[in-house]
Amino acid sequence: MADRRRINGPPGGTRPPVFASLQESSTGIANRAQRQRQPAELRKIFLKTGLIPTASGSSYLEFEPSVSLAAARSNPKSLIPPSSALKLACTVHGPKPLPRSAAFSPNLVLTTHVKYAPFAARKRKGHIRDASERDLGVHLETALRGAIIAERWPKSGLDITITIIEAEDDRWWGDAPDSHDASWGMMNVLAGCITAASAAIADAHIDCLDLVSGGVAALVSDDSNQSASSAPRLMLDIDPAEHRSILSACVVAYMPARDEITELWLKGDSSRAALEKDDGRTGHEALIDGAVDAARGANTVLAEAVRESIARSFA
Amino acid sequence: MASLPPIAIPGQRLGPLSTYSAGPGTHVQQSFIYASIAGPVVADPAQPKSQTRPTLRVSRVISSKDQAGLTSAVPVASSTTSKPRYNTLPAVDSIVLARVTRVQKRQATVSILVVLDESASQPQDQARTASDNDNVASILASAANPENHSSTDELRFQALIRKEDVRAVEKDRVVMDEMFRVGDIVRGSVISLGDQSFYYITTARNDLGVVMARMSRGRSPDRSENMQLFELGPSPCVAFGVLFE
Amino acid sequence: MSNQRQASSASQVPHLSPAELSYLYTSLSLPKNPIRPDGRSPTQFRPLSAETTILPGTNGSARIGFADGTQAIVGVKAEVEKTVLAADTLDSRSLAQHGDALNREGEQGSAAVSGQGEWVQMSIEIPGFRDDDALPVFLSEMMRESLVGSVAGGNGDAVKEMAGGLKGRLVINKRWHWRLYIDVLLLSQPLAYPLPLLSLTTHLALLSTKLPKLKSTGEEDPFFDDDWAAAEYLYPRSNISKSLSAAPSYPVRPPVTLLVISVGDNVIFDPNREEIAVADAVLAISVTRSGDSETLKLLSIRSIDPPSRLTQPGIPNSENVNMLGATAAPGEETGGQEEVEGVWRPRRGGVKRSVIARMVKTVLGKGGVGEEVLEGLEGVEVQ
């Protein structure tokens, strides 16, 4: 029997509206964002600490918009932007006492909270955290816990809250969700979260082994040129909207001073990577190495942001 | 001996363990000292009796002594706007200022407002003590205001003053109600990290006790014992007094 | 609350004393042949009992019990659902009508067979955890990601049926698809990190899953054979007809997620609760057999927060006031002393790349642990 206390939606599915401009112009190839960077070239990162005065540490991170996005912003041709660029804010509260109900802990208890703003992605996110946001929180916690010297802060808790203001796309918006429709954008978001959280923790003067930064590498196959032998190629810091098909991707949290990885998340088929002939590495090893290289790049920005943070707080 | 960087970021290698010993704000890995927080690097000279090596530390707050080396390294904007950050945890023997939140027969519950820097009590560091004072005064002023009480207690570390830790003499004749009232500001010393939720604090020393209290008008000062504590407290850094409502 | 919080990523921290932790670590990190508390070899799994097709109300189900009494039940249910067409598919179809297909023709064909990852839903129920707690969410995301990510390669009839992996198999036609619900139920509070148990049970349940035989063809509304005996396996089998006694072989298999830890220089599989508490690094590695080739394929790696980071440190005798009497001066303000032999320190930092490479190699290598596990699972008779 139907639920008469509520107004129920139509029983069948409805079809989402399709913009007229899409039907005409987007044969796809022309409007699709193309990667203009070299395979090993990273996007520029804007990172600044100490923007939120009430928190004990905070940071704001932004990725450079891709060339096509920048062009579309200055000279919009379509209602829909071709890609998006990550923007996120991170706050650190604490160290503060654990709640009364908590058990004794000889170490710092880390709590991570990653939330997309409702307007962050193309599809609206609810206010309650969904599975992917909780998943990101666990990844971030793993990445940071390896870097923090937790025994310096007994009986205290540290809350790390990240708000994603603009998220990365998982694919080009016009593409149908196809067989490679995994949430690749999430991996870029995680890398950004790690770098930003590391800056905020340093800003809060919490003891760390090293500045830990995030990096992403992926195997992409752009079969647009119809060449049959288009083996997937390794690219650093991918923007998923710029690629036709991403086979596998990897994100790491990396501490350069110790050459150690605190968080590793690799998914997809990495067995068909096109490596140099004399390259003895397997696909996943090349992928991890690529992500580490990307993290090294992010670390230079991070170190500079932390130096700025010292200059500000000790000036 | 390689020269030290003026400021360090976490993960930066500072020096070998054979030359220095590791102090606060640093960690040791494979016989090298690395910075673990961002800040100015300070090498405290070796103290003749105990240590043989100078101690390296990365400072959390700036002191006049550290400033000299820093000014060259960091573009100084203005010294008045910035505030030192107090995210130091209470440790055993650290001196704290706390506000009484609850008085029971056997113990008083206090919430810790400020952990005074240990080195602040050392006489040679007077300049730093003075700079801390400004901040403490503002914290106390807001803490003494009853409107601010309940809201922020959740964010502060809680501590207990047990009946036997109130004073050093006549311990068995202590009446908690006569010693503390809710809202009093107490200067105490941490004796134990305590259990999962409370630190333990003692006031059984001449320089410890209630340093600021609020007295209701017209009420006879039957808290004379507490007043004694007032007289006892030649506190080096906190001006104390009684506020009349 | 804090129990749950700590359990969120790393499973419970067992209440072992620093001395016990140090002893465990030392015996597990012995070069070449580590000594495990239960006497297993580094790559040996705990004994388990398994059965399949135990729940009549599901399309497929399995139960696995470990000797320590922890059991997991997995039920797989399938529903027919209408496919919401993406704008792109619509677009390219209208283009194709104008004879302006460009190079999208091939892609349109593939779009018809490729499914969507969200058609597979996974939920994990663990006693003592709310279903939105971090651990169940993390586990289900981890297992779902390798499940939908596995795309078969190779040739052969049965493989072709599985083109596009599990997602492709769920496509009925352009307008209809199957939605698969995988519900995992852990029957008791987990004693160890429950990932291997859940993954193996899910694997068996998916192998036993049957979908009703489709009678309609092409783009008709789907219409199924109501004879359950005629139903087809979700993961097709090849040699059922050969002999009844021989176990069927599967050209394509669901992925298996293995839990691997590194302690010192050693790589150890299927750690129990005590072993994982001293691990330097914990990885969850998902593998599957790719098509008809013999090699295993890596599907995903996730690092898991090792609980050893949350343990209580031991105090070396040189710093212990009780050992030296009250005269001992408390150690100078710690800047993090060097490790002392035989004294437990919570693990810090991450894992070297070479260690990760070694862990993955032990899983994937010829005759490695991954093959062993898959063969072991093939031994389980699936009705």
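Two residues count as in contact if their C-beta atoms, placed from the backbone, lie within 7 Å. That cut-off decides what covers a helix in this predicted model.

Start with helix 12 of chain C, residues 369-378. Its buried residues include V369(C), G370(C) and V373(C). Seen down the axis of helix 12, the buried residues fall within an arc of 105°, so they line one face of the helix. An α-helix has 3.6 residues a turn, so residues three or four places apart point the same way. What lies over the buried residues of helix 12 of chain C? The cover includes strand 8 (256-263), strand 9 (266-269), strand 10 (281-289) and strand 11 (296-304) of chain C. Helix 11 (353-364) of chain C is also part of that cover.

Now move to chain A. Strand 6 of chain A (residues 213-220) runs antiparallel to strand 8, and eight bridges join the two. In this pairing V220(A) stands opposite I246(A). Strand 9 of chain A (residues 260-268) also pairs with strand 8 in the antiparallel sense, over eight bridges. Here S248(A) faces G268(A). Strands 8 and 9 of chain A form a hairpin with four residues between the strands. Within that hairpin, D259(A) takes a positive phi near 55°.

Next come the nonpolar cores. The largest has 189 residues. Which of its members touch the most others? They are L190(A), C193(A), A197(A), A217(A), V252(A) and A291(A). Helix 4 of chain A (residues 184-203) gives the most to this core, with 14 residues. The core also draws at least three residues from each of two domains of chain C: domain 1 (14-44 + 255-325 + 340-383) and domain 2 (50-86 + 94-252). Take C193(A) as one example. Leaving out residues up to four places away in sequence, C193(A) touches L88(A), V114(A), L136(A), L140(A) and I162(A). Another core, of 27 residues, lies apart from the largest one; among its members are I95(B), V110(B), V114(B) and I201(B).

Finish with a sheet in chain B. This open sheet has three strands in the order 2-5-4, with antiparallel pairing. Strand 2 (13-16) and strand 4 (26-29) stand at the edges, each with a single partner strand, so one side of each is left without a neighbour in the sheet. From one strand to the next, the twist averages 30°. Strand 4 of chain B is joined to strand 5 (residues 32-35) by four bridges. T26(B) has A35(B), in strand 5, as its bridge partner.

Definitions and conventions
Residues are numbered from 1 along each chain as its sequence is written. Chains are lettered from A and ligands numbered from 1 in the order in which they are written. This is a predicted model: local features need pLDDT of at least 70, side-chain atom pairs count only at pLDDT 80 or more; totals for chains, interfaces and linings use all residues. Two strands pair if DSSP finds at least two bridges between them. Axes are lines fitted to C-alpha atoms, for helices over the stretch in contact, and angles run from 0 to 180 degrees between N-to-C directions. A residue is buried if 20 or more other C-beta atoms lie within 10 Å of its own, exposed if 12 or fewer, and partly exposed in between; C-beta atoms are placed from the backbone. The arc is that of the directions from the helix axis to the C-beta atoms. A nonpolar core is a set of buried Ala, Val, Leu, Ile, Met, Phe, Trp, Tyr and Cys residues joined through C-beta atoms within 7 Å. Domain bounds come from an automatic or database domain assignment.
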